[in-house]
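Me: I have a model open and would like to learn how to read it feature by feature. Could you walk me through it?

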Amino acid sequence: MSSYWPAREPVARHVGRLTSPAISTEMTSDAVLCLPIGSYEQHGPHLPIYTDTILAEGFAFAAVDRWGDTYNAWALPTIPYGLAREHKWAAGAVSFSVRVFSDMLLGICAELADSFPARNLLVVNGHGGNRGILEALVYEIKDLHGINACITHPTALAKVPSGSLLPEVHGGMSETSVMLALAPTEVFLDRLPDSYAPDPSLAKGARDLILDRGVTWPWTSNDPAIGVSGLIGDARQANLELGRKIVDSATEAYGPVLARLVERR
C-alpha cells in the first residue's frame with residue numbers, strides 16, 4: 001500500500017489536473033466527484049492539528065486511485081476545516097459555525113453543479129464532529145442542486161476491530177494507527193508523556209457522553225471523565241499493521257458504496 005501524504009502532486013484523477021476543455025470529454029453526468037472534508041483541532045501531543053484533514057484526503061485519494069477508472073471518479077480539493085467545538089479549549093482548533101459550514105458546503109455544491117457535468121458526489125468525512133451536520137445537509141445538496149450525494153465515514157466503513165480496551169474516539173489506537181499508515185512522518189509517539197496512562201474505567205464515561213445513541217451531550221475532549229491528554233482511546237497501542245488493515249478495508253468498502261451511489265441516480 002502506498003502512502004498518500006504529503007500529496008506533493010494530486011492523485012492522477014484529480015479535477016485540478018484537468019484542462020477546462022478536457023472536463024467535457026472526461027466527465028459525463030454519471031461521473032463521481034469525491035470531496036474530502038477534514039478538520040483542524042488538537043490530537044494530543046503526538047499528532048498534528050491537521051490529522052483529520054490528512055485522513056480525509058488520504059482515504060479519498062485511496063478510493064479514487066482504486067475505483068476511479070471503474071466509476072469515473074475524480075477527487076476534488078480538500079476542505080480542511082469543519083465543526084470542532086469539542087476541541088476549542090486547545091490551541092489550533094478552527095471551527096466553523098453551523099451556519100457558515102452549511103453555507104460553505106452548499107455554495108461549493110452549487111458551483112460544482114454549475115461547472116461540472118458530474119451529478120454524483122461522494123463526501124469523504126475525516127472528522128467525527130462533522131457527521132451530524134453532513135447527515136442533514138445531504139438532503140439539501142440533493143433538493144437544492146440536483147446532486148446525487150452520500151456521506152461516508154471511512155474508519156467506520158472499515159469495520160476493523162482495534163482490540164483496544166477503551167472506546168477509540170479521538171487520537172487513540174485506531175486513529176494513530178491510520179496516521180502511521182498514511183503519514184508516518186507526522187506521528188510522534190515519543191512525545192506522549194511518561195505519565196500518559198489511559199484508564200479503562202474511563203470507557204464508561206466515553207460511552208455515556210459520546211457513544212450513547214439515546215442522548216446527545218455537548219462533550220469536550222479535555223473532560224477527565226472520558227479521556228487523558230485530550231485523547232479518547234489508547235495511543236500507546238497504535239501500530240502500522242492495524243493502520244494498513246483499516247485503510248485497505250475502507251478502500252475496498254468504497255467499491256460497493258460507489259456502485260450504490262451511481263445506481264441510485
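Me: In which helix do Arg99 and Asp103 both lie, and how many residues apart are they?

Reply: Arg99 and Asp103 both lie in helix H3 (residues 98–115), four residues apart, or about one turn of the helix. Helices here are DSSP runs of H or I with at least four residues, strands are runs of E with at least two, and numbering starts from the N terminus. Before we go on, this is a predicted model, where local features need pLDDT of at least 70 and side-chain atom pairs count only at pLDDT 80 or more, while totals for chains, interfaces and linings use all residues. Residues are numbered from 1 along each chain as its sequence is written, and side-chain values use heavy atoms, with hydrogens and water left out.

Me: What do the side chains of Arg99 and Asp103 form?

Reply: The general idea is that side chains of opposite charge can pair when their charged atoms come close. Here the side chains of Arg99 and Asp103 meet in a salt bridge, 3.7 Å from N to O. The term asks for a side-chain nitrogen of Lys or Arg within 4 Å of a carboxyl oxygen of Asp or Glu.

Me: Are these two residues buried or exposed?

Reply: Arg99 counts as exposed because its relative accessibility is 59%, and Asp103 is partly exposed because its relative accessible area is 48%. The classes are buried under 20% relative accessible area, exposed over 50% and partly exposed in between, using a 1.4 Å probe and protein chains only.

Me: How many salt bridges does a search of the whole structure find?

Reply: Seven. One of them joins Glu135 and Arg131 at 3.2 Å, N to O. Both of these residues lie in helix H4, four residues apart, about one turn of the helix. Glu135 is partly exposed at 39%, and Arg131 is partly exposed at 32%.

Me: And what does Asp208 pair with?

Reply: Asp208 forms a salt bridge with Lys204, and their closest N and O atoms are 2.5 Å apart. Helix H7 (residues 203–211) holds both residues, four apart, about one turn of the helix. Asp208 counts as partly exposed at 34%, whereas Lys204 counts as exposed at 55%.

Me: Now the strands. Which residues of E3 lie on each side?

Reply: In a regular strand the side chains alternate between the two faces of the sheet. In E3, Asn120, Leu122 and Val124 are on one side, Leu121, Val123 and Asn125 are on the other, and all are buried.

Me: Which strands pair with E3?

Reply: Two strands pair if DSSP finds at least two bridges between them. Strand E1 (residues 32–37) pairs with E3 in the parallel sense over six bridges, and Val32 stands opposite Asn120 in E3. Strand E4 (residues 148–152) also runs parallel to E3, joined by five bridges. Across that pairing, Leu121 stands opposite Ala149 and Val123 stands opposite Ile151. From E3 the chain crosses through helix H4 (residues 131–145) to E4, in a right-handed β-α-β crossover. Right-handed means that, with the strands pointing away from the viewer, the path from the first strand over the helix to the second runs clockwise.

Me: How many residues of E4 are buried?

Reply: Five of its five residues. Asn148, Cys150 and Thr152 point one way from E4, while Ala149 and Ile151 point the other way.

Me: What should I look for in the interior?

Reply: In soluble globular proteins, nonpolar side chains tend to be buried together. A nonpolar core here is a set of buried Ala, Val, Leu, Ile, Met, Phe, Trp, Tyr and Cys residues joined through side-chain atoms within 4.5 Å. The largest one has 39 residues, and those with the most contacts inside it include Val32, Phe59 and Leu122. Among the elements giving two or more residues to this core are E1, E3 and helix H8 (240–264). H8 gives the most, with 10 residues. Apart from this core lies another of 32 residues, among them Ala31 and Ile151.

Me: What does Phe59 touch?

Reply: Contact means heavy atoms within 4.5 Å. Not counting residues up to four places away in sequence, Phe59 touches residues including Val124, Val178 and Ile246.
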